[in-house]
2 protein chains.
Amino acid sequence: MNVSKFDLEKAFSRTEPYRVVTPLVPVPFLNERWNAEVWVKHEAFQPIGAFKIRGASNFITQLSREELDKGVVTHSSGNHAQAVAFMAKQLGSCAYIIMPEDSNPLKIKNARKWGAEVQLCTPGIESRLRTAEKVMHEKGAIMVPPFDHPWIVAGQATAAMETFMLRSDVDYLVIPLGGGGLLAGSALAAKYFSPETKVIGAEPDQAKDGYIGFKKGERERTVQANTVADGLRTTVGEVPFNIIKEEVADIWLAQEEKILPWMFKFWQETHLIIEPSCAVPIAAMDTNRDQLKGKRIVVVITGANVDLGQLTSAGDVDATLG
Amino acid sequence: MNVSKFDLEKAFSRTEPYRVVTPLVPVPFLNERWNAEVWVKHEAFQPIGAFKIRGASNFITQLSREELDKGVVTHSSGNHAQAVAFMAKQLGSCAYIIMPEDSNPLKIKNARKWGAEVQLCTPGIESRLRTAEKVMHEKGAIMVPPFDHPWIVAGQATAAMETFMLRSDVDYLVIPLGGGGLLAGSALAAKYFSPETKVIGAEPDQAKDGYIGFKKGERERTVQANTVADGLRTTVGEVPFNIIKEEVADIWLAQEEKILPWMFKFWQETHLIIEPSCAVPIAAMDTNRDQLKGKRIVVVITGANVDLGQLTSAGDVDATLG
């Protein structure tokens, strides 16, 4: 399915009442380390603490009143679920969120925060899908996919569109790669609105299905993810993959053992909390720092939903990172 | 020594090129918990990550060129040292920072960040003072006190002055109490520019010299501090105490075991890093929440310099806080 320039423009106006135009925050310690100019687009300032509101709002605002009255469903348990719940509340719909019954109680509490109805199921993707289908069937509710849909891709594109409104001179736009919605949307935004900008994906070395697929030009679905970057464990979706393989300049990998040290280093230097997934682009860029010299770079910080209860000591971060 | 309205006004213009007018960030989760309107004045956005730049800049800008050429000294090792180093760099002076030789390497590195010369000494306050006096004698350098001086108090007052420029309807201004410079300055700012505002100090229960002194009207110097809030272990200085005892509405205490859970809770909810000292007002306010209902409250978040290497698990924060 094609996602046109006009689709992005429509998404930009449709989502405008629901997304925050997040700031580009300069990052002096990275400027110094890489001899470059680095800004982060800080999506933690969205009301749900993550960028997912962009895609969810572009999807849900396209439903009819009748559809909204029946409700929306998702079986994600992370930032996407919060985005769906938040949007359902805004539009007077009901969100059903399917979560495995062994989920962290904090995640369940967060999912309920915006008034969503949480339905617990036995763990495992089979059971989640079955429970979701049951809700869709019984309530007539509509599934809001987390990434594999043109409306979601167009919604996520608005982060890059805002970036290009603020800066016309971005050399690299670096984006974490999980399901691929944000990377695909960003690549399209650059193609249509800032063709000089190279869009780079960043993926954990221990969840590199996107990297392998990109290199061979064909979607890779057999990788078993094993990374601390919980937001990036998903396999790239079909809709995003077909855009990524055409429009993305490169995909860089982050070494697993560098991800948490970079997260803590970023906390320490900027005093801004970012989730582990957001340390993946920083770690990957540091590995490729030779290519960054003198460049103007924007990194999208996708969210800040960290379970602090699970946090252990950061250890000697500077010794680890060198 | 008296600190007049005009002293505050002069401090406000003198420090203007060096301080950031930090934002008042709304805190919805506290609004809901306390049924109040709460903003934090987020001093972590200062270039050194803490409010101490205010007092240090008001002090150092009053030195002559000749004095600046000889240098400035401090034997603090925390945020004040960074403020002195930062200001020395701005004004082409040299900062000498006396630190015990067993200091955390990160603190030493931070002290050097702005070009200061770190002089290590044997641990203990005696040795620090002796080394500082040696530097003052040998170099003719001037000691910049961290809190016990009218120029420092007037400089710290600028945080409250900025607050009152942005909001004329503040019921409570709540300030962490360590050496007392910020609390004394804030109380004077309210007296001169927002007399309806009650200024409240917040102190750890395990370092309550300020609380005891305030209650008996006489400075208390025998308390042994034993708190995780490392920025608040100092004894209140004489200059600040004489202002605090006249101008502050009350001092509230934070239970020691609630300080770190509140810090982590604040991180989790706002995605902003604050240091343990800043959780003290929040914990103390929560204990006194009956008095907060319906009030408009500003809390000064003094800084965000946390040693993440020392961090352990936050545990089940919500269970602890109720």
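**Salt bridges and contacts**

Me: What does B:Lys208 count as at its relative accessibility?
Reply: B:Lys208 counts as partly exposed, at 28% relative accessibility. The scale runs as follows: buried is under 20% relative accessible area, exposed is over 50%, and partly exposed lies in between (1.4 Å probe, protein chains only).

Me: Before I go on, what kind of model is this?
Reply: It is a predicted model: local features need pLDDT of at least 70, side-chain atom pairs count only at pLDDT 80 or more, and totals for chains, interfaces and linings use all residues, while side-chain values use heavy atoms, with hydrogens and water left out. Residues are numbered from 1 along each chain as its sequence is written, and chains are lettered from A and ligands numbered from 1 in the order in which they are written.

Me: Back to B:Lys208. Which side chain does it meet in a salt bridge?
Reply: That of B:Asp205, at 3.6 Å, N to O. A salt bridge here is a side-chain nitrogen of Lys or Arg within 4 Å of a carboxyl oxygen of Asp or Glu. B:Asp205 is partly exposed too, at 26% relative accessibility.

Me: Why can such side chains pair at all?
Reply: Because opposite charges can pair when the charged atoms come close.

Me: How many salt bridges over all chains?
Reply: The structure holds 34.

Me: Chain A now. What does A:Asp69 form a salt bridge with?
Reply: With A:Arg65; the closest N and O atoms are 2.9 Å apart. Both residues sit in helix 4 (residues 65–70) of chain A, four residues apart, about one turn of the helix. Helices are DSSP runs of H or I, at least four residues, and strands are E runs of at least two, numbered from the N terminus.

Me: Is A:Asp69 buried or exposed?
Reply: Exposed, with a relative accessible area of 54%. A:Arg65 counts as partly exposed, at 44%.

Me: Which pair links distant parts of the chain?
Reply: A:Asp169 and A:Arg296, whose side chains meet in a salt bridge at 3.4 Å, N to O. A:Asp169 is in the loop between helix 8 (150–166) and strand 7 (172–176) of chain A, and A:Arg296 is in strand 10 (residues 296–301), 127 residues apart. A:Asp169 is partly exposed at 25%. A:Arg296 is partly exposed at 27%.

Me: Which residues are linked in a network of salt bridges?
Reply: A:Arg19, A:Lys41, A:Glu43, A:Arg54 and A:Glu162. Within that, A:Arg54 forms a salt bridge with A:Glu162, the closest N and O atoms being 2.9 Å apart.

Me: Changing topic. What does the domain assignment of chain A give?
Reply: Domain 1 is 5–51 + 149–321, and domain 2 is 53–143. The bounds come from an automatic or database assignment. The centres of the two domains, taken over C-alpha atoms, are 25 Å apart. Their contact (heavy atoms within 4.5 Å) takes 28 residues from domain 1 and 20 residues from domain 2.

Me: What area is buried between domain 1 and domain 2 of chain A?
Reply: About 1900 Å², of which carbon and sulfur atoms give 58%. Buried area is the accessible area (1.4 Å probe) that two parts lose on being put together, summed over both.

Me: How many salt bridges between domain 1 and domain 2 of chain A?
Reply: Two.

Me: Last topic: chain A against chain B. How many residues does the contact take from each?
Reply: It takes 25 residues from chain A and 25 residues from chain B. The area buried between the chains is about 1900 Å², with carbon and sulfur atoms giving 55%. In chain A, A:Gln268, A:His271 and A:Leu308 lose the most area to chain B, together 33% of what that side buries.

Note on methods. Contact means heavy atoms within 4.5 Å.
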